[in-house]
Amino acid sequence: MTDLQFLTWTRGPGLDIAVGIFLLGVLWRLIEIYTLGRKKDLAAPRHAAGASGLHTVFRRSLPPPGMLKRSPVSYIGGYIFHIGLAIIVFLGAPHILLIQNLVGLSWPSLPSQFIGLTAVVTMAAMVVMLADRINKPVKRFLSTFEDWFTWAVTFLPVLTGWMATQHLLLPYTQMLALHILSAEVLLVVLPFSKLFHGFTLFGSRWYNGRVNAHKGVPV
Amino acid sequence: MSASLEKGIHALKEVIDAPIASYFESCVHCGLCAEACLFHTETGDPKYTPIHKLEPLRRVYEQEYTLLGRLKKMVGLSKPVTDDELDQWQELVYDSCTLCGRCSLVCPVGNDIVYMVRKFREGMAVSGHVPDGIRSATKRTVELGGPMGLKWPAVANVLKHAEENTGLKIPVDQAGADYLVLLSSMEIVNYPEYIEALAKIFHKAGISFTLASDAYEATNAGIQIGSSDLAKVIVSRIVDAAEKLKVKNVLSPECGHAYMAIRWEGPNLVGRPFGFNVVHVLELLDELRQKGVLKMKDKIKDPLILHDPCQIVRRGGVLQAPEPLIQQVAENYIPIVDKQKLNWCCGGGGGASAIHTEEAEALRAQAFRIKKRQIEEAGVNTMVTFCANCRITIEEGFDHYEMNTKLLGLTELLAEHLED
């Protein structure tokens with residue numbers, strides 16, 4: 001297989017397979033989780049301002065009082081790499097083009113130099129987070145193969161995308177094909193790993209907010 | 001697999017619902033919950049990370065309710081939950097978890113971890129992995145009426161003393177009263193002044209009340225052990241008495257877990273909404289304060305801080321009453337940094353104070369350092385709280401660290417300074 005054939009495969013059948021598994025996977029997992037249902041709370045509710053599922057969905061995006069000081073790396077590193085990933089995926093010109101090809105929607109992009117810089121900052125934050133996972137006793141203790149694996153699966157598309165645009169190490173065609181392949185691996189892994197938190201965290205925050213709002217506690 | 005383990009796993013399967021599934025799927029192992037747990041912050045031991053305390057439950061979820069987990073189980077790639085493992089987890093689920101719920105307040109993906117620990121205990125109880133201390137407290141509550149084995153004649157005797165001391169009548173089994181007053185054994189035995197305080201306040205406010213000779217105990221060890229069946233038996237006594245006496249309200253004592261049991265778990269245990277209101281004593285007192293009935297003749301001068309019991313405030317929703325009440329009676333109330341719903345547990349809730357093994361007691365003493373620090377940082381010699389179980393735990397902590405801090409109960413403090 002030549003570089004071009006490899007690239008063509010990743011852009012054609014490879015992409016179709018990955019997107020297919022991703023979409024079906026997400027749908028399956030959401031059904032698997034949320035059809036388990038829950039019992040109705042029969043206690044008389046207490047109402048309080050700021051207490052609801054929706055409040056908690058938004059409120060949990062900020063560190064609760066005192067927590068930033070206790071774990072600054074988790075919060076600051078976490079913000080940087082999540083926002084960085086979102087900028088790269090949704091505001092990088094080639095990605096918008098891909099989305100346009102898939103679903104027909106498009107929006108303005110950010111300059112490629114800015115995306116390149118964002119990728120560097122994102123990778124730096126991810127490396128710091130990895131170091132923190134190795135160094136902090138609690139994080140190291142909790143970590144399983146999945147934690148290291150999903151870190152790599154998330155890191156590789158950023159690295160290969162950045163290297164392709166910077167023409168580093170490998171010819172552009174080859175690196176681009178590797179970039180697309182790594183993104184496809186990410187799509188396939190996402191629904192079946194902890195990366196699925198990107199979907200379930202809204203449900204989790206909502207449940208927590210809802211259950212406690214019933215007692216009149218904004219959480 | 002032993003029969004009890006099989007039952008335990010079955011119980012775990014039963015308690016897993018959509019929230020629990022969503023919570024497990026959302027966890028990214030960030031470890032932030034450890035920073036909210038006093039058993040971790042005071043020991044530094046990573047095994048006390050709240051989400052780790054749920055590992056066996058997580059595996060049951062994965063193996064029974066997810067496609068990949070079921071596949072892994074079929075080909076023998078998953079690690080089954082064993083008796084040995086649950087035995088090991090007993091310390092993590094009981095000794096080092098007070099169901100304080102602080103972890104549920106900080107998880108960035110929104111996991112309600114304490115909700116899961118409470119459910120996990122159902123499986124632990126059924127499979128027999130429960131500390132002896134909580135087991136016997138539950139047994140005493142079911143068989144004798146209260147966790148300390150107290151029977152009605154002893155309670156009646158305490159009431160008689162309270163009548164003598166206050167010169168007020170304390171009605172028993174009186175139908176149609178505004179409030180059915182519940183007590184906790186801890187109060188009856190250790191803090192009978194609470195009963196006198198209530199009698200004085202009710203008399204002053206002109207509210208009718210009664211005690212029930214067949215339902216005086218408000219605490220529910222069934223919930224702490226994690227057995228909904230036993231919890232239902234215990235809570236039903238109160239429901240039956242309240243309905244028989246046709247009272248409008250049931251008054252929960254200060255005790256935090258008692259409030260949780262009757263106010264929030266109660267209707268869910270008996271399977272229907274109550275026909276009466278469940279009111280925490282502080283809610284009633286704050287209502288009286290707002291009506292201007294709770295007037296003080298003088299105030300306590302000592303600088304003091306408040307310890308907000310977890311099950312009443314963070315987990316119970318009585319958020320607004322405590323501060324105005326303490327300000328009503330204290331001249332130098334000092335608000336601490338982590339107060340109200342963010343307060344740190346005393347270390348003895350969720351049944352933990354009933355576990356008297358050497359290890360559990362040592363762990364509790366270590367966890368208490370966080371309260372010690374709060375007191376020292378505020379530079380006070382007095383702390384006020386409103387939960388009999390917190391009081392016992394805190395007093396043990398004071399003894400352990402030889403502190404000469406004074407501990408006061410809020411209701412009694414109010415009664416003591418009440419206008420004549």
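1. Which residue stands opposite H280(B) in β4(B)? S252(B) holds that position. This is a predicted model, in which local features need pLDDT of at least 70, side-chain atom pairs count only at pLDDT 80 or more, and totals for chains, interfaces and linings use all residues. Residues are numbered from 1 along each chain as its sequence is written, while chains are lettered from A and ligands numbered from 1 in the order in which they are written.

2. An open sheet of four strands in chain B has the order β2-β1-β3-β4, with parallel pairing. Strands β2 (209-210) and β4 of chain B are at the edges with a single partner strand each, so one side of each lacks a neighbour in the sheet. Strands here are DSSP E runs of at least two residues, helices are H or I runs of at least four, and both are numbered from the N terminus; two strands pair if DSSP finds at least two bridges between them.

3. Strand β1 (residues 179-181) of chain B is joined to β3(B) by three bridges, and the two run parallel. Within this pairing, L180(B) has V250(B) as its bridge partner. Strand β3 (residues 249-252) of chain B also pairs with β4(B), in the parallel sense, over four bridges.

4. Together with helix α15 (residues 256-270) of chain B, β3(B) and β4(B) make a right-handed β-α-β unit. Right-handed means that, with the strands pointing away from the viewer, the path from the first strand over the helix to the second runs clockwise.

5. Helix α14 (residues 228-244) of chain B packs against α15(B) at an angle of about 110°, the axes being 9 Å apart. The two helices are therefore roughly perpendicular, a term for angles of 65 to 115 degrees. The axes are lines fitted to C-alpha atoms over the stretch in contact, and angles run from 0 to 180 degrees between N-to-C directions.

6. Between the chains, 46 residues of chain A are in contact with 47 residues of chain B, contact meaning C-beta atoms, placed from the backbone, within 7 Å. On the side of chain A that touches chain B, α10(A) gives the most, with nine residues.

7. D16(A) belongs to helix α1 (residues 3-34) of chain A. This residue counts as exposed because it has 11 C-beta neighbours inside 10 Å, the cut-off for exposed being 12 or fewer other C-beta atoms within 10 Å. D16(A) and E184(A) are 168 residues apart in sequence, yet 9.3 Å apart in space, C-alpha to C-alpha.

Conventions: Buried ≥ 20, exposed ≤ 12 C-beta atoms within 10 Å, placed from the backbone. Contact = placed C-beta atoms within 7 Å. Parallel < 35°, antiparallel > 145°, perpendicular 65-115°, else oblique.
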